[in-house]
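Here is a guided walk through one protein model. Keep the structure open and follow along step by step.

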Amino acid sequence: MQKELNRLIDSYERMCFVKLDNVTSQQMHKVRRDLIGKAEMVVGKKTTQKKIIALRAESKDATAADKKMCDIMCRENFLTGNVALTFTNEPVSFLLDTFLKYKIQAPARVGAISPVEVIIQAGNTGMEPTQTSFFQALNIITKIDKGTVAILNDKKVLSVGDKVDLSISALLGKLKISPFYYAPEVAAVWEKGMLFSTEDLSLDDAALNAAFSEGIANLTALSL
């Protein structure tokens, strides 16, 4: 593992931290197939990966970039949870496009953490009047319209970060609403001695090049 991880760090321009929460094995199979020859993805014990990066920073041949990488990994704690290290020389946009290609829609299962705001739209649900208890439990105002339940006003039932409970899961299921979408997600990118967040990835080329230049200058100063 140590030899392989060091090879990947030395061989590729960028190392991406990819979150795999709620990603299925079938999605991963398709993603890995598309990455052949363009990127390598490593999924393993995070404690082992942290130790390897720490040993790399402590070695006599360690560069300023190695030491900075170790410091940032420990401080930002990216090597935790369901994260894959993905190494590539391709633009980050290539990974983003590949991951989005295999995005899947999913229902709101009990216990899931909502990644988005979920709003039930006003209108006729097509449900029988005997089902009104589901709406009452969530304080959703309804009326009976032509023998079926109609929602009078839009109702937000989930905010980002909320945990899905049984009532919300059951109601969304009955309404045939699958509000969540899951795909591998690039959380951050380590490149040329700098760590870029998802917000940074939206910068244009000029801004990124300026950031790279600043990072290289800082690393040069550290090595003097």
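Two strands count as paired if DSSP finds at least two bridges between them. The model you see is predicted. Arg 14 stands opposite Glu 191 in β11. The partner strand is β1, residues 14–19. β1 and β11 are joined by 6 bridges, and they pair in the antiparallel sense. Strands of a sheet pair through backbone hydrogen bonds, either parallel or antiparallel.

Strand β12 covers residues 194–197. β12 and β11 pair over 4 bridges, again in the antiparallel sense. Glu 191 comes up here too: Met 194 in β12 stands opposite it. The hairpin of β11 and β12 has 2 residues between the strands. Look at Lys 192 in this hairpin, which takes a positive phi near 50°.

Is β11 largely enclosed or largely open? Of its 7 residues, 6 are buried, so β11 is largely enclosed by the rest of the structure. Buried here means under 20% relative accessible area.

Next, find the largest pocket. Its space comes to about 450 Å³. Rolling a probe the size of a water molecule over the atoms shows where empty space is left. The lining consists of 16 residues. Pro 115, Tyr 181, Tyr 182, Ala 183 and Glu 185 lie nearest the centre of the pocket. The largest share, 3 residues, comes from α5. What kinds of residues make up the lining? It divides into 11 nonpolar, 1 polar and 4 charged residues.

Stay with Tyr 181 for a moment. Lys 103 lies over the face of its ring, at 5.2 Å from the ring centre.

Rings can also pair with each other. A pair of aromatic rings is described by the distance of the centres and the angle of the planes. A search of the whole structure finds 2 aromatic pairs. One of them is formed by Tyr 12 and Phe 87. Their centres are 6.4 Å apart, with 40° between the planes, and the pair is tilted. Tyr 12 lies in the loop between α1 (2–11) and β1, while Phe 87 lies in strand β3 (residues 83–88), so the pair ties together parts that are 75 residues apart in sequence. Both Tyr 12 and Phe 87 are buried.

Now turn to an open sheet of 3 strands. Its order is β6-β8-β7, and the pairing is antiparallel. β6 (123–124) and β7 (142–145) are the edge strands, each pairing on one side only. β7 and strand β8 (residues 148–151) run antiparallel and are joined by 4 bridges. Within this pairing, Thr 142 stands opposite Ile 151 in β8.

Finish with two helices. Helix α3 spans residues 46–58 and holds Leu 55. Leu 55 counts as partly exposed, because its relative accessibility is 36%. The C-alpha atoms of Leu 55 and Lys 67 are 9.9 Å apart in space, and these residues are 12 apart in sequence.

Helix α4, residues 64–76, holds Cys 74. Is Cys 74 buried or exposed? Its relative accessible area is 58%, so Cys 74 is exposed. Ile 53 is 21 residues away from Cys 74 along the chain. Their C-alpha atoms are separated by 9.8 Å.

Notes:
Residues numbered from 1 in each chain as written. Predicted model: local features only at pLDDT ≥ 70, side-chain atom pairs only at ≥ 80, totals over all residues. Heavy atoms only, no water. 1 Å grid on protein atoms, 1.4 Å probe; cavity = no way out; pocket = protein on both sides within 12 Å on 5 of 7 lines; lining within 4 Å. Points joined across faces, edges and corners; volume = space filled by probe spheres on them. Nonpolar A, V, L, I, M, F, W, Y, C, P; charged D, E, K, R; others polar. Buried < 20%, exposed > 50% of the residue type's maximum accessible area, 1.4 Å probe, protein only. Phe/Tyr/Trp six-rings, centres within 6.5 Å; stacked < 30°, edge-to-face > 60°. Lys NZ or Arg CZ within 6 Å of the ring centre and 35° of its normal.
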